Every structure is written in C-alpha cells, then in structure tokens.
Amino acid sequence: MTTTAEKINLLGMSQGALEQFLVERGGKPFHARQLLQWIYQRDVDDFDAMTDLSKSLRRRLREDAEISAPEVQAKFTSRDGTVKWLFSSGAGQSVETVFIPEARRGTLCISSQVGCALDCSFCATGAQGFNRNLTSAEIIGQVRHAIRELPRRENGEAAVTNVVFMGMGEPLANYRNLVPVLNLLVSDWSYGLSRRRVTVSTSGIVPHIDKLGDDCNVALAVSLHAASDELRDQLVPINKMHPIGQLLESCWRYAAKRSNRFITFEYVMLRGVNDSIEQADQLARLLQGRAAKVNLIPFNPFPGTGFKRSSVATIRHFQSRLREKGLVATTRRTRGDDINAACGQLAGKVSDRVRTRLGQRKINRKSIGEKSMRTASA
Ligand code: SAH
Ligand code: SF4
C-alpha cells in the first residue's frame, strides 16, 4: 500500500464522510456523488481528470487527498479459469482475493482481515492466527483492482457481478471498516450491485448480525458446520460465546428484516466428523420451515490439517437427505484448488499477533471486534 503520510485516502470512504471532507474544502455535498462516480465507475485516480469539479476544488483535493489502493504482489490463474491475487498488506504480509468465473455470473471472493482470530479447526486462515483488520480502502481496493484488470463480460457488464466476503478473515469482526464498503458496493453512485449479489459470510458473531440487519442488510451466509453445540464448539470455537440457539435466533431476525429472504448455511463436509445421516437429520430439524438454504462445501485440505474431505457419495447422500426433509440444499463446486484458491485454503502471509502458542489461542471479545462494535453503536 503506498501512502503519503499527510494525505487522506478517499478510497473506501463512505459517502457521508466524503461529503463532510468536501464541504470542509469549499465543495458542496453533491460533489461527493461526482467523486464516487469518478473513483468507482470511471476508475480514475487523478483529480485533475475529474473535469466536472471546479479547478479550485480539484487543487484542494490534490493537496489534501489521494486514492491509494493495496499493491498486487502476485497473480495466479487456475486451469479452470479461477484467478487469485495476492495483495500486500504491509510488513511483508499479504491477503488473497479470488475471482470465480461462471456462465451466468462472475464472483469475487474478498478478504477482510490479515489472518483470523477465530481459529476454526478446519481453516487455513484460522491456523495462521490474526494480525490486523484491513482498512476499508484495502477491502474495496480488491474489488476495484479485479474490475480494472478483468475483461468485461460478453454483455458488456463488468466482470464482477457478485461479491462474497469469503476470503481471509471474519468480516463481522471488522465491522467498522466493513459497513462503508458494503454501502459502496450497493450504492448507485459507485458499483450499484444489488443487495442480493453481495454476501457477508460469518462464523456467527451474533450482536454484529443484528446490527448488520439494520445498517446494510445484504445477503447473509452463516458458517454452521455442525448441528450440535458439542461438535460446533470444537469446529467453530466462537460457538462457545454464541451457541447455535442464539445464532439461529439472530438469523431469523435478520431474515425477517429482509422480508424473509433466505439465509445460506454453509456446512463443510468433514469425513467421519459431521457427515453422517443422523447429523443430516439433526441439521434438518434446526432449519426446517425457516428461510434457510444449505450449501455443502467439500472440505479443501491444506498442509498440516488432520481433516479429510467426505466422499462424493457421502456428500450426495447427505444432500439428498436434507432435500427429503424439505430443505433447499446445494453442494459448492470446488474451484481453483490447483492454485490453493479454494474455500479455506487462503493463507496469504500473516504474522500472528494474537496467538501465544500454536493451537492455544484464546479468543477474546476484543480480537473479534465486539468492543469496537459497542463503541461504534454507543
Ligand atoms: N470468516 C468467514 C468467511 C471466510 S471463510 C466465515 O467463516 O464464514 C468462507 C467459508 O469457507 C466459510 O464457510 C468457512 O467455514 C469455509 N471454510 C474454511 N476452511 C475451509 C476448508 N478448509 N474447506 C472448505 N471450506 C472451508
Ligand atoms: Fe476465520 Fe472464517 Fe476461517 Fe473460521 S472459517 S478461522 S471465521 S476465516
């Protein structure tokens, strides 16, 4: 990331903050809309090229502001067309972004933190520990870079039609920087994506789910992975703080705020751990009759993991059982595994600041951002 100490980075700044910034420099609130269009729709970094702003405002912007995005360190392309970028997050560290092209859409999977504190036992990012939150500029910079670099779709649309927060990190643990980015993704003055095409995936930080429903109710995916607290406590340790009952209640509240749109429940298929027919029945009992669909994710291995992927037949049976019980259930196709870009394989380069000893990290409210959320909502 190139930064100039005294200049303010406008990338990732909310419309409200931009308006204030401009008014303080002799501009009008509506100039923020023009600036958003220049930055996100026309992909312009140079204030001098923003010809519908007055000369004096452009000069003030040149003096006080910059548009600074994270730098790309490496790019990999999978044999299935998936693209992965490694973005520098400073101090020799990096985060990863993945583009998954499909016939009817192009999905960009973006990162929200350098590492992750939540330590889910089957996740490569969790195994690395947590270093820091990404800034809003670093998060939206991933989207801007992908759109800049990827060729447009045949119908002239930008390559990125959907954005999912399923890369490195827990987005709801970086709530303060997440919300401006969500608003920029859906605003007509910037990317103008429909709320249904922006998905926040969370391992279940309950108070933030409730808040997100009010602040920017985009599509929600919840990493459930187990239907009993006993097993989920082991796989997704945040469950000890926010157990399944509380988590599901917050999901149904969220769905109600979005006029009953479906919540997606992600369920990683781990051989001999959570993939029996009894466990499918248990899962169905939790979700039956609700605004829920299940997305089964075949486990993607990474070095050092003790878990194994369930067989194709087991995954098929599990999915059929859920469907017999009346649930909508799909299985995610594994993409980009030859470049380590599949779900849960993203590892970037992280120097852990939270963990004291491998596997013995304590998750505290501060490292998952709950303290900062209380401050933000106070
Ligand atoms: N922190 C957020 C989003 C990032 S992870 C979350 O946990 O939801 C995106 C998805 O990949 C989550 O459902 C996560 O549980 C899943 N995942 C993590 N490791 C995986 C692995 N090794 N194989 C398959 N899916 C994995
Ligand atoms: Fe963090 Fe999500 Fe990985 Fe869990 S699955 S460690 S919450 S990134």
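Guide: A polar contact is a pair of N or O atoms within 3.5 Å. Keep that cut-off in mind for this predicted model.

Visitor: How far does a backbone N or O atom of Cys343 lie from a nitrogen atom of ligand 1?

Guide: The cut-off for a polar contact is 3.5 Å. Cys343 brings a backbone N or O atom, and ligand 1 brings a nitrogen atom. The distance between them is 3.2 Å.

Visitor: Which residue has a side-chain N or O atom 3.3 Å from a nitrogen atom of ligand 1?

Guide: Thr202 uses a polar backbone atom, 3.5 Å from an oxygen atom of ligand 1. The contact you ask about involves a side chain and a nitrogen atom of the ligand. That residue is Glu170.

Visitor: What share of the exposed area of ligand 1 does the protein bury?

Guide: Taken alone, ligand 1 exposes 530 Å². Of that area, the protein buries 96%.

Visitor: At roughly what angle do the axes of helix 5 and helix 6 cross?

Guide: Helix 5 covers residues 136-149, and helix 6 covers residues 175-186. Their axes come within 8 Å. The crossing is right-handed. Its angle is roughly 35 degrees.

Visitor: How many charged residues are in the contact of helix 5 with helix 6?

Guide: Helix 5 brings Ser136, Ile139, Ile140 and Val143. Helix 6 answers with Asn177, Pro180, Val181, Leu184 and Leu185. Seven of these residues are nonpolar and two are polar. The charged count is none: there are no charged residues.

Note on methods:
Residues are numbered from 1 along each chain as its sequence is written. Chains are lettered from A and ligands numbered from 1 in the order in which they are written. This is a predicted model: local features need pLDDT of at least 70, side-chain atom pairs count only at pLDDT 80 or more; totals for chains, interfaces and linings use all residues. Side-chain values use heavy atoms; hydrogens and water are left out. A polar contact is a pair of N or O atoms within 3.5 Å; within protein, one must be able to donate a hydrogen and the other to accept it, and residues adjacent in sequence count only if both atoms are side-chain atoms. Accessible areas come from the Shrake-Rupley method with a 1.4 Å probe; for residues, only the protein chains shown count as cover. Axes are lines fitted to C-alpha atoms, for helices over the stretch in contact, and angles run from 0 to 180 degrees between N-to-C directions. Helices (H or I, at least four residues) and strands (E, at least two) are DSSP runs, numbered from the N terminus. A crossing is left-handed if the near helix is turned anticlockwise from the far one by less than a right angle, and right-handed if clockwise. Contact means heavy atoms within 4.5 Å. Ala, Val, Leu, Ile, Met, Phe, Trp, Tyr, Cys and Pro count as nonpolar, Asp, Glu, Lys and Arg as charged, and the others, Gly among them, as polar.
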